[in-house]
Amino acid sequence: MTRRHALLDEIPGQARARLRLRGPDTRRFLQGTLTADLESLTSGTALAAALCTVKGKLVTELVLLPGADAEHVDALVPADGAAALAEHFDRHIIMDDVEVELVGPVAVAVMWSTDETAVPPVSVPGVEDFSTRHPAPGRLLVGAPSALATALAKSTAVDANGWAAHRIATASPAWGHELRPDFFPPEIGFVHAVSYDKGCFLGQEPLARIHARGQVNRVMVRVKADRVPAEAVSLSGQGRDDAGRWSTWATTDDGVRGLAIVRRAVASSGTALETTGDGSIAVEVISEPLGDDPGLPGRSRAATVKLGGRR
């Protein structure tokens, strides 16, 4: 088994900050605020979550970490938005007994095996270790840089291209690439961060209606091409000038591979697209929708209302 790892601080745009929420109402507050079910946040496991608007559109993504006790939850969040998120939480903590603070600095790494076998837990003083699905499947390691270096000594570091290749292979959307504000989580491959069974949270009603209807207008797919673009680029095809956006790419042993957010009408394997603008690149969809919400076809309106919670 060959192990590889990515230090998120060294991947452009992927650095993390650590928010600490503490108090007797912490889990209740987060349960009613975020998309994830806090009941699933158990020892040794990291939990993907999203903060959405009341209309169900993404504000930011988070990785929740269990604290030493029930009154303590940490959140690894995009570093560039950490201060604003801390202020957001502070504004919405009204009756709950919860305190929020930025702690750190923090170094974060993701480690995985190249043969898809599970990497065993890491036991190194000063390193917290969690099984995770996000920001990509593997072990999520958190600690001081020197302690992380010890934990990762038998693992091979990858660069931004290697990290992108891992994300593409595992259908893992990333902040600033697929995960961007003002999209529904199912549109951008992030439906695994949404619990439809836990009760009310910000944005639950529109997301529950999507779940009951079983359709969003955009979805995430894998694509292939002959060369990489210089930057994230729009896609056209099948009579659509706005077919989607190519958001992640990597050079792999199989050629150029990527993730794109595209219109559902073009989200089928074999669909030919091309980049817009000068020097267009031929792009082919090579998967069905990834991280999409399969929905609950056949649900009645009454069921939709029930799933949506409050009316």
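**Strands, loops and pockets of a predicted model**

Four bridges join strand E12 to strand E13 (residues 240-252), and the two strands run antiparallel. The structure described here is a predicted model. Within this pairing, leucine 235 is the residue that faces glycine 244 of E13. Strand E12 also has a partner in strand E15 (residues 272-275), to which two bridges connect it, again in an antiparallel arrangement. Here serine 236 stands opposite glutamate 274 of E15.

How enclosed is strand E12 by the rest of the structure? The strand covers residues 233-237, and four of these five residues are buried, so E12 is largely enclosed by the remainder of the structure. A residue is called buried when its relative accessible area is under 20%, and exposed when that value is over 50%.

Most residues other than glycine have a negative phi. Is glutamine 238 buried or exposed? Its relative accessibility is 55%, and because the cut-off for exposed is over 50%, glutamine 238 counts as exposed.

Alanine 171 also has a positive phi, near 55 degrees, and is a residue other than glycine. Its place is the loop between helix H4 (160-169) and helix H5 (204-213). With a relative accessibility of 11%, alanine 171 counts as buried, whereas glutamine 238 counts as exposed.

A further backbone feature concerns a peptide bond. Histidine 134 and proline 135 are joined by a cis peptide bond, with omega at about 15 degrees. Most peptide bonds are trans. Proline 135 belongs to the loop that lies between strand E8 (127-132) and strand E9 (138-143).

The largest pocket holds about 720 Å³ of space. Its lining is made up of 27 residues, and those nearest its centre are Trp112, Thr114, Ala165, His166 and Ala169. Two or more lining residues come from each of strand E7 (107-113), E8, E9, H4 and E13. Which element gives the largest share of this lining? That element is H4, which supplies six residues. Sorted by class, the lining of the largest pocket contains eight nonpolar, twelve polar and seven charged residues.

The second largest pocket has a volume of about 200 Å³. Among the residues that line it are Ile11, Pro12 and Gln14, together with Ala160, Trp163, Arg167, His177 and Trp249. The elements that give two or more residues to this lining are H4 and E13. Helix H4 again provides the largest share, here with five residues. By class, the lining of the second largest pocket has six nonpolar, five polar and one charged residues.

Strand E13 is joined by four bridges to E12, and E13 gives two or more residues to the lining of the largest pocket and to that of the second largest pocket. Helix H4 contributes the largest share to the lining of the largest pocket and the largest share to that of the second largest pocket. The loop between H4 and H5 contains alanine 171.

Note on methods: Residues are numbered from 1 along each chain as its sequence is written. This is a predicted model: local features need pLDDT of at least 70, side-chain atom pairs count only at pLDDT 80 or more; totals for chains, interfaces and linings use all residues. Side-chain values use heavy atoms; hydrogens and water are left out. Buried means under 20% relative accessible area, exposed over 50%, partly exposed in between (1.4 Å probe, protein chains only). Two strands pair if DSSP finds at least two bridges between them. On a 1 Å grid over the protein atoms alone, a cavity is a set of points where a 1.4 Å probe fits but cannot get out, and a pocket is an open set with protein on both sides within 12 Å along at least five of seven lines; lining residues have an atom within 4 Å of a point. Grid points are joined across faces, edges and corners, and a volume is the space filled by probe spheres set on the points. Ala, Val, Leu, Ile, Met, Phe, Trp, Tyr, Cys and Pro count as nonpolar, Asp, Glu, Lys and Arg as charged, and the others, Gly among them, as polar.
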